[in-house]
Amino acid sequence: MEHVLVVGAGFMGSGIAQVCAQAGYRVYLMDIEPAVAARALKDIRWSVEKLAAKGVLKELPPQVLARISLEKDLMSAAQADWIIEAAWEEEQLKRDIFQELDRMSRPETPLATNTSSIPITRLAASTTRPERVLGLHFFGPVPLMRLVEVVKGEKTSPQVFERGAAFVQALGKTPLRVQRDVPGFVMNRIFSAAFREAVGLVEQGIATVEDIDAGMRLGYGWAVGPFEIADLAGLDTVARVGHSLQALGENHLAPSSNMIERMVAAGNLGRKVGHGFYHYSPEGKRI
Amino acid sequence: MNINDVKNIAVIGAGNMGHQIALLSALHGYKTTCTDVKEDILKKAETFANSYLPERVRKGKLTQEQADRARANLSFTSNLKEAVKDADYVIEAVLEILDVKRKVFAEVDRLAPPHAILATNSSFIVSSRLADVTQRPDKVLNLHFFNPALVMKLVEVVQGPHVSDETTQISLALCERLEKVGVHLQKEVEGFLLNRILTAIAREAFWLLEMGVASFEDIDKAQIYGAGHPMGAFRLMDLTGLDLAYIRSMEKFRETGDPADLPAPSLVERYMKGWYGEKAGKGWYDYPEKK
């Protein structure tokens, strides 16, 4: 049985740990905050039980949960065949973690990061094995989202890149091979291009938020419209994606107005707080 | 005038879009006349209606009575005057060629009652380029259905600067009566709403491809599995035609002179080889069965 170490037990880390355990890997889920780790385990239990109730889990929930252990430090790095970092999206923190992981893990172990906005190549530079560092960018909620971006840094070897894609497939997900370490990879670039246009249409008074979402759903069969996606992702996250693209010189992908900034400042962060572009009940239903 | 004054609808052009819009209108209780300059196209539209309605009855989607009523509401004529003389609302769905549409609008303006609204189903010719050939610019607007019109729920209602609020309100209400969702564009912009967003995505998709970031297959996958789109930009281009994508880019470039508007090299290459998409058997993907 292969061992996976997931660093960071937040929303993304716990989801990644869960899908790895579901796929049969032995998982170490590490977080320095015991409360975060405990919460993650609770969330994972809730999620696998829900999946089991829907009949989509291949085993019983306890069998999946038994493969996950919570860790307070990175000692288990030495046993890991795969390491996925899903810590807070902060470059210095991630660099420190990579440096530590590089020291503590076996030299052949690939080091993956779940970053959505920091160039893989920069994180790879803080290790002695840049050819084994790659991006595995999952989307949340991880158990439900089918796509994972496999990102090749400037020095990532083709073998490690392909192993990354095979690993994603072993998790039952579809790999999207991102061959170059460009800002926003593929998904955030495509989302941002569409979202920038959608924001422009609203700001210029051409169409309403509701009409644009209905338009993309009913006219082109999108599962959700651009503003609905933004509400789901959280407008603070959307703003952060815009900022990170701007910081990396991709101004043409960031919204051309400060609409999102204004909404974030006003606390309209989307579904998680009950209001963003739309209003939501405490259960998260649109009202 | 209000929506209750709309009783008779004329659909001009019985092709790809027109024949379904006419049937949609007849199904929702409007006395509908469908016209086309080409007899064979008109015949085809009539044959479609005659097979579609019984099929829906067989599938239990319509009662025999509803089908009979719809059929009785629908008539076909190659005589434009006959088609529009009693119309309260005219929907034009002829070829997407500006001069052709201008000619049609000038003629319909002469033949239709003065109160009739004249809508174009064009996906990219804005109504302000048609309104000036009529005596009623306040009643000329874009009413853009999606293909297939009987199925797709959306209609873009585009209010150019010359369009009255009354015309817009009646058009939005008509969408509702036809059981469609009308989205109101309060200004007239190129590409309306959906195409602007899709064009922004296509531009980014081409950049990712040309920069060697991802294959076109993977970019399509990203849209389907990651973003919940029914298909990606390249598959969509295969359906709508690479020739159209190429021609539109070139037109845009001629207009702006901005090299960024030129078609992407990978598109030019396929265009030159005649790989126009599904209809040609090959575009981004292969369609051996269509060859």
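## A walk through the sheet of chain A

Biologist: Which handedness does the β-α-β unit of β7(A), helix α6 and β8(A) have?

Modeller: In this predicted model, helices (H or I, at least four residues) and strands (E, at least two) are DSSP runs, numbered from the N terminus. Helix α6 of chain A covers residues 158-170 and forms the unit together with β7(A) and β8(A). A crossover is right-handed if, with the strands pointing away from the viewer, the path from the first strand over the helix to the second runs clockwise. This unit is right-handed.

Biologist: Nice! In which sense do β7(A) and β8(A) pair?

Modeller: Strands pair if DSSP finds at least two bridges between them. Here β7 (residues 147-152) and β8(A) have five bridges, and E149(A) has L176(A) as its bridge partner. Their sense is parallel.

Biologist: How many residues of β8(A) are buried?

Modeller: Buried means under 20% relative accessible area, using a 1.4 Å probe and protein chains only. By that cut-off β8(A) is mostly covered. Of its five residues, the buried ones number four.

Biologist: And which are the edge strands of the open sheet?

Modeller: The eight strands follow the order β3-β2-β1-β4-β5-β6-β7-β8 in chain A, with mixed pairing. An edge strand here pairs on one side only. That describes β3 (68-71) and β8 (174-178) of chain A.

Biologist: Which residue stands opposite V6(A) in β4(A)?

Modeller: Strand β1 (residues 3-7) and strand β4 (residues 82-85) of chain A run parallel, joined by four bridges. Opposite V6(A) stands I84(A).

Note on methods: Residues are numbered from 1 along each chain as its sequence is written. Chains are lettered from A and ligands numbered from 1 in the order in which they are written. This is a predicted model: local features need pLDDT of at least 70, side-chain atom pairs count only at pLDDT 80 or more; totals for chains, interfaces and linings use all residues. Side-chain values use heavy atoms; hydrogens and water are left out. Buried means under 20% relative accessible area, exposed over 50%, partly exposed in between (1.4 Å probe, protein chains only).
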